[in-house]
Each structure stands twice: as structure tokens, then as C-alpha cells.
Amino acid sequence: MRRLAAEVGVFGRSTYLQYVALFQWASIRGYIAYKVLLPVTQILFFVELGVYASGRQNALYFALGNAMQLTANAGIFGVIATVANERQYGTLPILLASPANRAVTFLSRAFVNVIDGILTVAVGLGIAVVLFGLDLHHANFPLLAFCVVLISLTTAGLGLMFGSIGLVMRDAIIIANVVYYVLLIVCGINFPVSRLPGVIQLVSYSLPLTRGVQAARDAAAGASFGHVAGLMAGELLVGALWALGGYLLFRLLESWARRGGLQEAY
């Protein structure tokens, strides 16, 4: 029990330090520009484009898809930014030398970004509902909220993988940009996955968001938990596998650095 309490303490302190590293520097104006205006602009653009192409009755389809995809902004860019800060300020060698539980410190990198992703979705979707008068009278709101939380977790799992790559690649943010727009294209954000070629559909279902976005759309239509349980279980499994892959890669790179005396090379 005492060991568990110690690990919880490490997780809490590490999470707080991630928050300080990512957000304490930001002004209110900068935060609003990056976390409110940018997401809302994406939603407005694709909703207007979708409405123009297919009619106003489909506005909710595009609003929900793009709102959920915003979690990737926090989950991928946020985790990579954490690694970039560690490299810039020289704290990675200290982390590698510390006796702290690696799994705890690794997962704490994503926790702040999960919360940030949830808030970003709430703000973006709320503004879209007001501006476009979206009808959510039949929505299963508890289930929809659970979908938002789940997608934030799974995209953070993907972010942990690319955050680990950032340990040995100074320009990992470029990969993050590519992945962000790949998710926008292949995960059913603005059109059904069924319209993609068969091979691309396999890629789509191997990524977070695809099942989660569909579950969120079903929840907005009033579906019950049992109706989307399979989708949500698949989403959780995919996110967990990406997070596990990121952790294993992190340990591999750490071991490689120790053997070669390359801690400072990070």
C-alpha cells in the first residue's frame, strides 16, 4: 500500500511538472488563440464546406467529427512538446538517471494533454452547436461525454508513441503534423471510412479516432451504451496498443542510450 501511495505521488508530481512545462509560460491571449480560435476555425471551415456540399441537415456529422479530431491536437502535439522541452532544457538525462518508475513517469506525460483535449472538444463543439443551431435533443449526453474522454485517452496513446520517437529525432514535430492530417483524412472525420480504398480502411481501423468518432455520432443520435460497446472496446484496445508500443520504444531507446553513453545525445 505504501509503495502504491509513493507511485501515485510520483505520478501527481510528474503530471504537475508537465503542466508547468506546457502551459505556465502561455499568456491568456496565446492560449485562447491556440486552443480556442484554431480549433473553432477548423470546425467552422469543415462544417461550412460540408453543408455547402451535402446540405445543412448534415452539419452535426461534420461538427462532431472535427470536434473529436481536435483531441489529436492535444494528444500528439502536447506529448511531443513535452519531450521537446525536456531536450531543450537538458532534463532528459536527469530523467533517465532517476530511480522513478518508468511506466508512471511515461504515462504522466499524457495526463495533462488528455484533460486539455477534453476541454478543447467541449469548447469547439459548444460553439458549433450555438453557431449552427445543431439539434442534440435526442443525444445520449453521458455516453457522448464518455466518448470524448475515451478518444482523448486513445489519441494521447498515439501521442506517446511519437513522443518516444522525438527522443532521437529533433524534428519529430514534422511527423506530428503529418499524423494529424492523416487522422483527418482516414478516420471518418468528414466522410465515411467505407469510401476509402480497402488498404486505407485497414490503416484507418488501426488508428485511434475511427471507432470513437462513430461511437460519438451514434451517441449523438441517442444510441445506448450497449449499441456502441464494441466500437468503444475496439477504440480502447487500439489506443492501449499504441501507448504500449510507445512505452516499449521508450525503454528500448533508453537502454540503447545507456549502453552507448548517449544520454546527452538526446
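This is a predicted model: local features need pLDDT of at least 70, side-chain atom pairs count only at pLDDT 80 or more; totals for chains, interfaces and linings use all residues.
Numbering runs from 1 along each chain as its sequence is written, and side-chain values use heavy atoms, without hydrogens or water.

Switch to cartoon. The protein chain has 11 helices and 0 strands (DSSP runs: H or I of at least four residues for helices, E of at least two for strands, numbered from the N terminus).

Color by burial. Of 266 residues, 49% are buried (under 20% relative accessible area, 1.4 Å probe, protein chains only).

Now show contacts (heavy atoms within 4.5 Å). Among those with a separation of 6 or more, 80% link residues 24 or more positions apart.

Select Val-47, Met-68, Ile-76, Leu-183 and Leu-209. They have the most contacts inside the largest nonpolar core, a set of 51 residues (buried Ala, Val, Leu, Ile, Met, Phe, Trp, Tyr and Cys joined through side-chain atoms within 4.5 Å). Helices giving it two or more residues include H2 (28-54), H6 (102-132) and H11 (225-260). Next, pick H7, the source of the largest share, 8 residues.

Zoom in on Leu-209. Leaving aside residues up to four places away in sequence, Leu-209 touches Met-68, Gln-69, Thr-71, Ile-151, Thr-155, Leu-183, Cys-187, Ile-189 and Glu-235.

Last stop: select Val-79, Ala-110, Val-114 and Ala-156. They are among the 6 residues of a second, separate core.

Terms used: Buried means under 20% relative accessible area, exposed over 50%, partly exposed in between (1.4 Å probe, protein chains only).
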